[in-house]
Amino acid sequence: MSNASIATAKSGVSANASALILVGRVLLSVIFILAGFAKLTAISGTAGWFASIGLPLPTVTTVVVGLVELVGGIAILVGFQTRIAAIVLGVFTLAATGIAHLDFADQTQLMFLQKNLAIAGGLFVLAAFGAGALSIDGRRR
């Protein structure tokens, strides 16, 4: 195999990997963008639910959580400061799971727990390997 063939094969793998990372970023980001937007556009309802589960300063908590989800989700989507955003959202997801989804007798809560663990896992993989070439981070290198 010539050097040109090897270079083409390597770039093809890299292009495929970058495209898959982009798809993964889009899929991971959507849940956070939508959830953050929903919280910030329904602050009183979310704050009421947060108060019902005993969170302090429910209105402030709603705004902070909504901003973390929205801004973090957008950062993941466009691939800006991706490793940091992925770690923040991964830790946030585990914390939210620990606060609101540990009722193992409730099948819905058990499903949310499993979903959140998978999302956190995907975010930590993204933090480890970065946003790929099709990202703001990739363009800045």
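How many salt bridges does the count come to? I began my notebook with that, keeping in mind that this is a predicted model.

**Entry: charged pairs.** The count comes to one salt bridge. I looked up its partners and found the side chains of glutamate 69 and lysine 39, with 3.0 Å from N to O. Glutamate 69 belongs to helix α3 and lysine 39 to helix α1, so this pair ties together parts that are 30 residues apart in sequence. I also checked whether the two are covered: glutamate 69 is buried, and lysine 39 is buried too. A friendly reminder to myself: side chains of opposite charge can pair when their charged atoms come close.

**Entry: aromatic rings.** Next I turned to the rings, where the count comes to one aromatic pair. Tryptophan 49 and phenylalanine 50 have ring centres 5.7 Å apart and planes at 50°, so I noted the pair as tilted. Which of these residues is buried, and which is partly exposed? Phenylalanine 50 counts as buried, at 6% relative accessibility. Tryptophan 49 is partly exposed, with a relative accessible area of 43%.

**Entry: the surface.** Last, I looked for nonpolar side chains on the outside. I found a nonpolar patch on the surface formed by Val26, Val30, Leu34, Ile74, Leu77, Val78, Phe80 and Ile136. Together they have about 600 Å² of accessible area. Which helices each supply at least two residues of the patch? I wrote down α1 (3–41) and α3 (58–78).

Notes: Residues numbered from 1 in each chain as written. Predicted model: local features only at pLDDT ≥ 70, side-chain atom pairs only at ≥ 80, totals over all residues. Heavy atoms only, no water. Patch = residues over 30% accessible without salt bridge, like charges linked within 9 Å, V, L, I, M, F, W, Y side chains within 5 Å. Areas by Shrake-Rupley, 256 points an atom, 1.4 Å probe, with all protein chains shown as cover. Salt bridge = Lys/Arg side-chain N within 4 Å of Asp/Glu carboxyl O. Helix = DSSP H or I, 4+ residues; strand = E, 2+ residues; numbered from the N terminus. Buried < 20%, exposed > 50% of the residue type's maximum accessible area, 1.4 Å probe, protein only. Phe/Tyr/Trp six-rings, centres within 6.5 Å; stacked < 30°, edge-to-face > 60°.
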